[in-house]
Amino acid sequence: MSERPKRPPTKLVPVPSVNKIPERDINKAPILECQHLGIDFGGLTAVNDFNMAIGRTEIAGLIGPNGAGKTTVFNLLTKVYQPTRGTILLDGVDTHNMTTVQVNKAGIARTFQNIRLFSNLSVEDNVKIGLHNQVKYGMLQGVLRLPKYWKEEKRAHESAMELLHIFDMEDLASHQAGSLPYGAQRRLEIVRALATNPSLLLLDEPAAGMNPSETAELMDNIVKIRDTFHIAVLLIEHDMSLVMGICEGICVLNFGEIIAKGTPDEIKNDPQVIEAYLGKKREV
């Protein structure tokens with residue numbers, strides 16, 4: 001295998017807050033900004049004072065030890081949980097009291113740590129489900145199979161095949177989703193999320209269970225997603241080679257609080273990050 005080309009480092013610059021985004025995105029408002037976000041479960045604080053901004057074309061990482069609160073942050077962003085305090089701005093709009101469906105329509109899509117496909121449906125039908133936001137026929141038109149129904153179904157088929165083609169999966173369109181190899185199922189879940197036409201894609205441990213070759217392909221696909229769709233990507237990942245290889249800004253959580261933010265070089269040399277992952281060095 002040829003050596004992967006090294007991507008030039010990204011310069012992070014301040015926005016009018018405590019956060020930073022890539023320099024190329026500085027002339028536009030961040031696609032996402034979290035301000036003092038927190039959530040309590042009973043007397044337990046799961047996430048506290050979480051501040052983060054993501055540029056409109058940024059690939060960002062959210063990392064930390066197991067139990068640090070990373071998936072809880074994703075659940076807050078997608079309104080699986082309503083925050084106890086703080087503000088989430090999506091493209092400048094406060095998502096306070098939005099539902100999961102409303103946040104998805106507003107521009108956030110996600111995948112899950114455990115693959116959640118409709119295993120008995122075809123690959124194409126799984127992608128079509130992601131296109132539900134764009135369906136423009138009513139129930140009666142669907143039941144009676146009126147011309148509007150067939151027109152929209154044709155459009156959905158073409159959109160689904162176009163998305164599958166981008167990821168070299170069009171030949172698998174008629175296959176049952178559950179019959180695909182693990183890596184292909186991961187790709188399909190990402191394609192289905194992209195079908196909702198997001199401005200921010202959340203990936204929860206996308207490389208989990210992948211071998212090195214599949215992980216390398218995933219890295220290329222994430223960059224392709226950003227460059228093709230001109231959207232932002234936020235990923236939770238334990239594979240540090242993936243995180244350091246493609247993420248421009250990285251946020252590190254530990255016990256529900258941010259302990260470091262910065263570029264990959266800044267993060268991998270941060271003493272607090274090293275301590276969180278490896279433990280405090282015992283003095284002798």
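Predicted model: local features only at pLDDT ≥ 70, side-chain atom pairs only at ≥ 80, totals over all residues.
Visitor: Thanks! Which class does leucine 121 fall into, then?
Guide: Leucine 121 counts as partly exposed because its relative accessibility is 34%.

Visitor: And where is leucine 121 found?
Guide: Leucine 121 is in the loop between strand 8 (108-110) and helix 3 (123-130). Helices (H or I, at least four residues) and strands (E, at least two) are DSSP runs, numbered from the N terminus.

Visitor: Which residues make the nonpolar surface patch?
Guide: Phe118, Leu121 and Ile129 make a nonpolar surface patch of about 230 Å². Patch residues have over 30% relative accessible area and no salt bridge; like charges are joined within 9 Å, and nonpolar side chains (Val, Leu, Ile, Met, Phe, Trp, Tyr) within 5 Å. The salt bridge in that rule is a side-chain nitrogen of Lys or Arg within 4 Å of a carboxyl oxygen of Asp or Glu. Accessible areas come from the Shrake-Rupley method with a 1.4 Å probe, and for residues only the protein chains shown count as cover.

Visitor: On to helix 3: which of its residues are buried?
Guide: In helix 3, Val123, Glu124, Asn126, Val127 and Gly130 are buried. They lie on the same side of helix 3, because they cover an arc of only 160 degrees around the axis. That arc is taken from the directions from the helix axis to the C-beta atoms.

Visitor: What about aspartate 125, where is that?
Guide: Aspartate 125 is also a helix 3 residue. At 32% relative accessibility, aspartate 125 counts as partly exposed.

Visitor: Switching to strands: how many residues of strand 9 are buried?
Guide: Strand 9 (residues 200-204) is mostly covered, with 5 of its 5 residues buried. Leu200, Leu202 and Asp204 are on one side, Leu201 and Leu203 on the other.

Visitor: Which residues are bridge partners of leucine 200?
Guide: Leucine 200 is the partner of isoleucine 108, and in strand 10 the partner of leucine 200 is alanine 232. From strand 9 the chain crosses through helix 7 (residues 212-229) to strand 10, and this β-α-β crossover is right-handed. Right-handed means that, with the strands pointing away from the viewer, the path from the first strand over the helix to the second runs clockwise.

Visitor: How many bridges are there between strand 9 and strand 10?
Guide: Strand 9 and strand 10 (residues 232-236) pair in the parallel sense over 5 bridges. Two strands pair if DSSP finds at least two bridges between them.

Visitor: Why is strand 5 largely enclosed?
Guide: Strand 5 (residues 59-63) is largely enclosed by the rest of the structure because 5 of its 5 residues are buried. Strand 5 pairs in the parallel sense with strand 10 over 4 bridges, and 4 bridges also join strand 5 to strand 11 (residues 249-254), again running parallel.

Technical notes. Residues numbered from 1 in each chain as written. Heavy atoms only, no water. Buried < 20%, exposed > 50% of the residue type's maximum accessible area, 1.4 Å probe, protein only.
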